[in-house]
Amino acid sequence: MSDTMDRPQQPAAAQTTAEASATTDAVVATRSLTKVYGTGDAAVKALRGVDVEIGRGQLTAIMGPSGSGKSTLMHIMAGLDRPSEGTVSVDGVEITGLKERDLTQLRRDKIGFIFQSFNLLPMLNAQENIVLPLTISRTPVDKGWFERLIGIVRLEDRLTHKPSELSGGQQQRVAVARSLVAQPAVLFADEPTGNLDSRRGEEVLQLLRQSVDEFGQTIIMVTHDAHAASISDRVLFLKDGVIVHDHGSMSSDDIYDVIRSLEGICPADADGDGQGRTLAAELCAPANAAPEVVATATGGRDGDGAGLRAER
Ligand code: ADP
């Protein structure tokens, strides 16, 4: 368990500000990000003030229960959607005020994507699919880089095959290579293992990890998969549109416990006695927790997870 795991729960804003100021070289930074869908009675606050900095050359996972705002945050950070309030900068460029055309250009130059569905073009072969971002931006292919990339994703003998002639794992490797071919400042991965069996999923995770370790790629990955998140350098947990936890590298078990506590399920050992998973104990704010932690009127001492709203 990392040092950060034992930190007492702090108000989200204070916690993320502390994390942010510790990061010196941020590729993506958000300030006071809010997103409201709809208006009036139908309004949904998907993000309620997100301040975060994503360090260069790090793999960051974004987790949280369904509806917590993960996709919204990712889409706004990637310039695919605009916030209601607040700002986002990508590789030093404030994108929030950019015109649509400039934003499109920036996405092309600085951002890579891996989606759950591979989104390969069926009429193009593997090589043509991989270099597509460069073809679109009329950028010459860096042959040395291309060959290195193809070696890493092990597609040397599949380059002339169309997607229909490739296995699911090979298709995903084409998608990974395509996302890296332009050497983006940041790569966004949306449930990259979602459609794959565990062996193929593992292979993709290793490729992502390798791209961070070997060539300093920055990756932001939204995932439901605790194992996928456990390969990350940092795990952000969202709940109700706010980052409620921000941790360094975590084990799958700890990630799973946090997710369950965010969903209101407290593990049996969450009694704060220090014998078991102390993080889960902290999150569940049991009745015998330290006296300075006081549950709000919404409760939280009955294992309903509302203890996450505990106040100091
Ligand atoms: P997650 O990715 O964590 O499941 P989302 O970012 O998709 O969460 O959604 C956050 C909240 O915003 C949810 O309550 C969802 O129903 C709502 N939401 C997302 N997209 C829209 C939309 N286009 N219109 C209205 N509400 C939306």
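Biologist: Which hand does the crossing have where α7 passes α8?

Modeller: A crossing is left-handed if the near helix is turned anticlockwise from the far one by less than a right angle, and right-handed if clockwise. Here α7 passes α8 in a right-handed crossing. Helices (H or I, at least four residues) and strands (E, at least two) are DSSP runs, numbered from the N terminus. This is a predicted model, in which local features need pLDDT of at least 70 and side-chain atom pairs count only at pLDDT 80 or more, while totals for chains, interfaces and linings use all residues. Residue numbers start from 1 along each chain as its sequence is written.

Biologist: At roughly what angle do the axes of α7 and α8 cross?

Modeller: Two packed helices are described by the angle between their axes and the distance between the axes. Axes are lines fitted to C-alpha atoms, for helices over the stretch in contact, with angles from 0 to 180 degrees between N-to-C directions. The axes of α7 (residues 168-180) and α8 (residues 198-215) cross at roughly 20° and come within 10 Å. The two helices are therefore roughly parallel to each other (under 35 degrees; over 145 is roughly antiparallel, 65 to 115 roughly perpendicular, the rest oblique).

Biologist: Which residues of α7 and α8 meet?

Modeller: Two residues are in contact if their C-beta atoms, placed from the backbone, lie within 7 Å. On the α7 side these are G168, G169, Q172, R173, V176 and L180, and they meet R200, E203, V204, L207 and S211 in α8. By class, this contact has four nonpolar, four polar and three charged residues (Ala, Val, Leu, Ile, Met, Phe, Trp, Tyr, Cys and Pro are nonpolar, Asp, Glu, Lys and Arg charged, the others, Gly among them, polar).

Biologist: In what order do the four strands of the open sheet stand?

Modeller: Strands of a sheet pair through backbone hydrogen bonds, either parallel or antiparallel. Two strands count as paired if DSSP finds at least two bridges between them. The order is β2-β1-β4-β5, with antiparallel pairing. β2 and β5 (93-94) stand at the edges with a single partner strand each, so one side of each has no neighbour in the sheet. Helix α2 (residues 70-77) packs on this sheet and touches β1, β2 and β4, its direction making about 125° with that of β1. Nine bridges join β1 (residues 26-37) to β2 (residues 44-55), with V28 opposite I54. Their hairpin has six residues between the strands, and G38 takes a positive phi near 75° there. β1 is also joined to β4 (residues 85-90) by five bridges; A29 has S89 as its bridge partner, and T34 has E85.

Biologist: What is the order of the six-stranded open sheet?

Modeller: The order is β6-β7-β8-β3-β9-β10, and the pairing is mixed. Neighbouring strands are turned by 20° against each other on average, direction ignored. β3 (residues 59-63) and β9 pair in the parallel sense over four bridges, and T60 stands opposite R234. Helix α10 (residues 252-262) packs on the sheet, touching β3, β9 and β10, and its direction makes about 10° with that of β9.

Biologist: Is S232 buried or exposed?

Modeller: A residue is buried if 20 or more other C-beta atoms lie within 10 Å of its own, exposed if 12 or fewer, and partly exposed in between. S232 counts as buried because it has 27 C-beta neighbours inside 10 Å. S232 lies in the loop between α9 (226-229) and β9 (234-239). Leaving out residues up to four places away in sequence, S232 touches L59, T60, A61, M221 and S249.
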